[in-house]
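Take your time and find each part as it is named.

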Amino acid sequence: MINEVIVTTQNTAGVVHLAPMGVHIFDDEIHILPFKPSTTLANLLETKKAVLNYCDDVRVFAGCLTGRRDWILNGLILDGALAHSEVELVRVEEDDTRPTLICKILNTVNHAPFMGFNRAQYSVLEASILVSRLHMLPIEKIDSEITYLKIGLDKTAGERELEAWNWLMEKIETFKAENSK
Ligand SMILES: Cc1cc2nc3c(=O)[nH]c(=O)nc-3n(C[C@H](O)[C@H](O)[C@H](O)COP(=O)(O)O)c2cc1C
(Lines give C-alpha, C1' and ligand atoms only; values in the text may rest on other atoms or scores of the structure.)
Protein backbone atom coordinates (compact mmCIF):
# COMPACT_ATOMS: atom_id res chain seq x y z
CA MET A 1 0.00 0.00 0.00
CA ILE A 2 1.18 3.53 -0.72
CA ASN A 3 0.32 6.33 1.74
CA GLU A 4 0.82 10.04 1.09
CA VAL A 5 2.83 11.58 3.93
CA ILE A 6 5.06 14.55 4.65
CA VAL A 7 8.67 13.38 4.89
CA THR A 8 10.96 15.59 6.97
CA THR A 9 14.74 15.23 6.82
CA GLN A 10 17.80 17.31 7.63
CA ASN A 11 21.34 17.52 6.35
CA THR A 12 24.46 17.30 8.53
CA ALA A 13 24.42 21.11 8.90
CA GLY A 14 20.96 20.78 10.51
CA VAL A 15 18.97 22.38 7.67
CA VAL A 16 15.48 20.84 7.74
CA HIS A 17 13.55 19.95 4.58
CA LEU A 18 9.98 18.77 4.12
CA ALA A 19 8.43 17.12 1.07
CA PRO A 20 5.20 15.25 0.30
CA MET A 21 5.97 11.67 -0.77
CA GLY A 22 3.95 8.53 -1.42
CA VAL A 23 5.67 5.95 0.77
CA HIS A 24 5.25 2.19 0.40
CA ILE A 25 4.19 0.65 3.71
CA PHE A 26 5.13 -2.90 4.71
CA ASP A 27 4.87 -4.69 8.11
CA ASP A 28 8.08 -3.44 9.68
CA GLU A 29 9.62 -1.24 7.01
CA ILE A 30 8.77 1.57 4.63
CA HIS A 31 10.17 2.34 1.20
CA ILE A 32 10.69 5.94 0.08
CA LEU A 33 11.17 6.48 -3.68
CA PRO A 34 12.47 9.98 -4.49
CA PHE A 35 13.03 11.04 -8.09
CA LYS A 36 16.58 12.33 -8.66
CA PRO A 37 17.65 15.01 -7.92
CA SER A 38 16.02 15.30 -4.49
CA THR A 39 16.91 17.05 -1.24
CA THR A 40 15.07 14.29 0.65
CA LEU A 41 17.32 11.72 -1.03
CA ALA A 42 20.51 13.69 -0.35
CA ASN A 43 19.55 14.26 3.32
CA LEU A 44 18.63 10.63 3.94
CA LEU A 45 21.91 9.44 2.43
CA GLU A 46 23.76 11.97 4.62
CA THR A 47 22.07 11.45 8.00
CA LYS A 48 20.13 8.12 7.55
CA LYS A 49 17.14 9.61 9.45
CA ALA A 50 13.69 10.86 8.47
CA VAL A 51 10.32 11.47 10.08
CA LEU A 52 7.09 10.48 8.30
CA ASN A 53 4.32 12.88 9.30
CA TYR A 54 0.75 11.55 8.92
CA CYS A 55 -1.14 14.74 8.34
CA ASP A 56 -4.72 15.59 7.32
CA ASP A 57 -3.98 19.31 6.82
CA VAL A 58 -3.75 19.21 3.04
CA ARG A 59 -2.42 22.78 2.96
CA VAL A 60 0.99 21.30 3.79
CA PHE A 61 0.88 19.10 0.65
CA ALA A 62 -0.41 21.88 -1.61
CA GLY A 63 1.88 24.40 0.10
CA CYS A 64 5.05 22.43 -0.64
CA LEU A 65 4.05 22.30 -4.32
CA THR A 66 3.36 26.05 -4.47
CA GLY A 67 6.42 27.47 -2.70
CA ARG A 68 4.98 27.49 0.84
CA ARG A 69 7.36 25.29 2.83
CA ASP A 70 7.47 27.34 6.00
CA TRP A 71 5.41 25.02 8.25
CA ILE A 72 5.90 24.85 12.01
CA LEU A 73 8.13 21.98 13.10
CA ASN A 74 9.26 20.64 16.47
CA GLY A 75 12.57 19.15 15.39
CA LEU A 76 11.52 17.03 12.42
CA ILE A 77 7.93 16.61 13.67
CA LEU A 78 5.32 18.63 11.84
CA ASP A 79 3.08 20.67 14.13
CA GLY A 80 -0.48 19.44 13.54
CA ALA A 81 0.47 15.94 12.35
CA LEU A 82 -2.02 13.34 13.62
CA ALA A 83 0.89 10.94 14.17
CA HIS A 84 4.49 10.46 13.10
CA SER A 85 7.06 7.68 12.67
CA GLU A 86 10.80 8.06 13.06
CA VAL A 87 12.60 5.95 10.47
CA GLU A 88 16.20 4.96 9.78
CA LEU A 89 17.71 4.18 6.38
CA VAL A 90 18.95 0.59 6.27
CA ARG A 91 19.51 -0.10 2.55
CA VAL A 92 19.40 1.60 -0.85
CA GLU A 93 18.33 -0.05 -4.09
CA GLU A 94 20.11 2.16 -6.62
CA ASP A 95 18.39 3.41 -9.75
CA ASP A 96 19.36 6.16 -12.22
CA THR A 97 16.01 7.96 -11.93
CA ARG A 98 14.26 6.71 -8.77
CA PRO A 99 16.20 4.77 -6.11
CA THR A 100 14.38 2.88 -3.35
CA LEU A 101 15.31 3.90 0.20
CA ILE A 102 14.47 1.03 2.52
CA CYS A 103 13.87 2.30 6.04
CA LYS A 104 13.17 0.65 9.37
CA ILE A 105 10.46 2.19 11.57
CA LEU A 106 12.02 3.08 14.94
CA ASN A 107 8.87 4.33 16.68
CA THR A 108 5.41 5.75 15.98
CA VAL A 109 3.65 8.33 18.15
CA ASN A 110 -0.01 9.43 18.00
CA HIS A 111 -0.89 13.07 18.61
CA ALA A 112 -4.57 13.43 17.66
CA PRO A 113 -7.41 11.15 16.52
CA PHE A 114 -8.12 10.33 12.87
CA MET A 115 -11.57 11.86 12.29
CA GLY A 116 -12.59 10.04 9.09
CA PHE A 117 -12.13 10.41 5.35
CA ASN A 118 -12.87 13.65 3.51
CA ARG A 119 -13.41 13.85 -0.24
CA ALA A 120 -12.08 17.40 -0.54
CA GLN A 121 -8.79 16.28 1.01
CA TYR A 122 -8.55 13.57 -1.65
CA SER A 123 -9.26 16.22 -4.32
CA VAL A 124 -6.46 18.47 -3.01
CA LEU A 125 -3.99 15.57 -2.88
CA GLU A 126 -4.79 14.57 -6.46
CA ALA A 127 -4.62 18.18 -7.65
CA SER A 128 -1.21 18.51 -5.92
CA ILE A 129 0.03 15.52 -7.90
CA LEU A 130 -1.27 17.13 -11.11
CA VAL A 131 0.57 20.35 -10.23
CA SER A 132 3.79 18.37 -9.66
CA ARG A 133 3.37 17.05 -13.25
CA LEU A 134 2.37 20.28 -15.03
CA HIS A 135 5.35 20.04 -17.39
CA MET A 136 4.62 16.40 -18.25
CA LEU A 137 0.85 16.26 -18.85
CA PRO A 138 -1.30 17.76 -21.64
CA ILE A 139 -3.20 20.79 -20.29
CA GLU A 140 -6.54 19.26 -21.48
CA LYS A 141 -5.95 16.31 -19.13
CA ILE A 142 -5.19 18.66 -16.24
CA ASP A 143 -8.39 20.65 -16.95
CA SER A 144 -10.64 17.59 -17.18
CA GLU A 145 -9.25 16.04 -13.99
CA ILE A 146 -9.61 19.33 -12.10
CA THR A 147 -13.26 19.55 -13.23
CA TYR A 148 -13.90 16.09 -11.77
CA LEU A 149 -11.94 16.70 -8.54
CA LYS A 150 -13.87 19.96 -7.93
CA ILE A 151 -17.12 17.98 -7.44
CA GLY A 152 -15.87 16.41 -4.19
CA LEU A 153 -14.21 19.67 -3.20
CA ASP A 154 -17.41 21.72 -3.62
CA LYS A 155 -19.48 19.21 -1.64
CA THR A 156 -17.20 18.60 1.35
CA ALA A 157 -14.40 21.18 1.75
CA GLY A 158 -13.63 23.11 4.92
CA GLU A 159 -11.50 26.27 5.05
CA ARG A 160 -8.16 24.45 4.95
CA GLU A 161 -9.10 22.48 1.86
CA LEU A 162 -10.42 25.59 0.05
CA GLU A 163 -7.24 27.54 0.82
CA ALA A 164 -5.05 24.67 -0.42
CA TRP A 165 -7.19 24.28 -3.56
CA ASN A 166 -6.91 28.00 -4.36
CA TRP A 167 -3.09 27.89 -4.13
CA LEU A 168 -3.06 25.00 -6.61
CA MET A 169 -5.48 26.68 -9.03
CA GLU A 170 -3.36 29.86 -8.96
CA LYS A 171 -0.29 27.79 -9.84
CA ILE A 172 -2.11 26.13 -12.76
CA GLU A 173 -3.34 29.49 -14.06
CA THR A 174 0.17 31.00 -13.85
CA PHE A 175 1.59 27.98 -15.67
CA LYS A 176 -1.04 28.33 -18.43
CA ALA A 177 -0.39 32.08 -18.81
CA GLU A 178 3.38 31.56 -19.03
CA ASN A 179 3.07 28.77 -21.56
CA SER A 180 0.58 30.45 -23.88
CA LYS A 181 2.97 33.31 -24.69
C1 LIG B 1 0.90 13.51 -2.74
C2 LIG B 1 2.28 13.66 -3.33
C3 LIG B 1 3.12 12.55 -3.39
C4 LIG B 1 4.42 12.66 -3.93
N5 LIG B 1 5.24 11.56 -3.96
C6 LIG B 1 6.50 11.67 -4.43
C7 LIG B 1 7.39 10.55 -4.42
O8 LIG B 1 7.04 9.43 -4.01
N9 LIG B 1 8.65 10.76 -4.90
C10 LIG B 1 9.07 11.98 -5.35
O11 LIG B 1 10.23 12.10 -5.75
N12 LIG B 1 8.24 13.05 -5.37
C13 LIG B 1 6.99 12.93 -4.93
N14 LIG B 1 6.15 14.02 -4.94
C15 LIG B 1 6.65 15.32 -5.43
C16 LIG B 1 7.59 15.91 -4.39
O17 LIG B 1 6.94 16.21 -3.18
C18 LIG B 1 8.30 17.17 -4.88
O19 LIG B 1 8.76 17.02 -6.18
C20 LIG B 1 9.44 17.44 -3.96
O21 LIG B 1 9.96 18.69 -4.26
C22 LIG B 1 10.48 16.33 -3.98
O23 LIG B 1 11.78 16.76 -4.08
P24 LIG B 1 12.70 17.14 -2.81
O25 LIG B 1 13.03 15.91 -2.03
O26 LIG B 1 13.90 17.75 -3.48
O27 LIG B 1 11.89 18.14 -2.04
C28 LIG B 1 4.86 13.91 -4.41
C29 LIG B 1 4.01 15.03 -4.35
C30 LIG B 1 2.73 14.91 -3.82
C31 LIG B 1 1.84 16.09 -3.76
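## A residue to start with

Thr-100 is buried, because its relative accessible area is 13%; buried means under 20%, exposed means over 50%, and partly exposed is in between, using a 1.4 Å probe and protein chains only. You will find Thr-100 in strand β8, residues 100–110. Helices (H or I, at least four residues) and strands (E, at least two) are DSSP runs, numbered from the N terminus.

Keep in mind that this is a predicted model, where local features need pLDDT of at least 70, side-chain atom pairs count only at pLDDT 80 or more, and totals for chains, interfaces and linings use all residues. Residues are numbered from 1 along each chain as its sequence is written, and side-chain values use heavy atoms, with hydrogens and water left out.

Which residues touch Thr-100, leaving aside its neighbours within four places in sequence? They are His-31, Ile-32, Leu-33, Arg-91, Val-92 and Glu-93, where contact means heavy atoms within 4.5 Å.

## The barrel around it

Glu-93 is also the bridge partner of Thr-100. Strands β7 and β8 run antiparallel and are joined by 10 bridges; two strands pair if DSSP finds at least two bridges between them. These two strands form a hairpin with 6 residues between them. Strands of a sheet pair through backbone hydrogen bonds, either parallel or antiparallel.

Now widen the view: a closed barrel of 6 strands runs β1-β2-β3-β8-β7-β4, with antiparallel pairing. From one strand to the next, the twist averages 45 degrees. Strand β4 (residues 49–54) pairs with strand β7 (residues 83–93) over 6 bridges, in the antiparallel sense. Look there for Asn-53, whose bridge partner in β7 is His-84.

## A helix across two strands

Helix α2 (residues 58–65) lies across β1 (2–10) and β2 (16–25), at about 115 degrees to β2. For such angles, axes are lines fitted to C-alpha atoms, for helices over the stretch in contact, and values run from 0 to 180 degrees between N-to-C directions.

After α2 comes Gly-67, with a positive phi near 80 degrees.

## Two aromatic pairs

Rings of Phe, Tyr and Trp (its six-membered ring) pair if their centres lie within 6.5 Å; planes under 30 degrees apart count as stacked, over 60 as edge-to-face and the rest as tilted. By this rule there are 2 aromatic pairs. The rings of Trp-71 and Trp-167 have centres 6.3 Å apart and planes at 50 degrees, so this pair is tilted. Because Trp-71 lies in the loop between α2 and β5 (73–74) and Trp-167 in helix α5, the pair ties together parts that are 96 residues apart in sequence.

The rings of Phe-114 and Phe-117 have centres 5.3 Å apart and planes at 75 degrees, so they are edge-to-face. Is this pair buried or exposed? Both Phe-114 and Phe-117 are exposed, whereas Trp-167 is buried, with a relative accessible area of 12%.

## Around the ligand

Of the 17 residues around the ligand, those that come nearest are His-17, Pro-20, Phe-35, Ser-38 and Thr-40; a residue counts as near if one of its heavy atoms lies within 4 Å. A polar side-chain atom of His-17 is 2.6 Å from an oxygen atom of the ligand.

How values were computed. A polar contact is a pair of N or O atoms within 3.5 Å; within protein, one must be able to donate a hydrogen and the other to accept it, and residues adjacent in sequence count only if both atoms are side-chain atoms.
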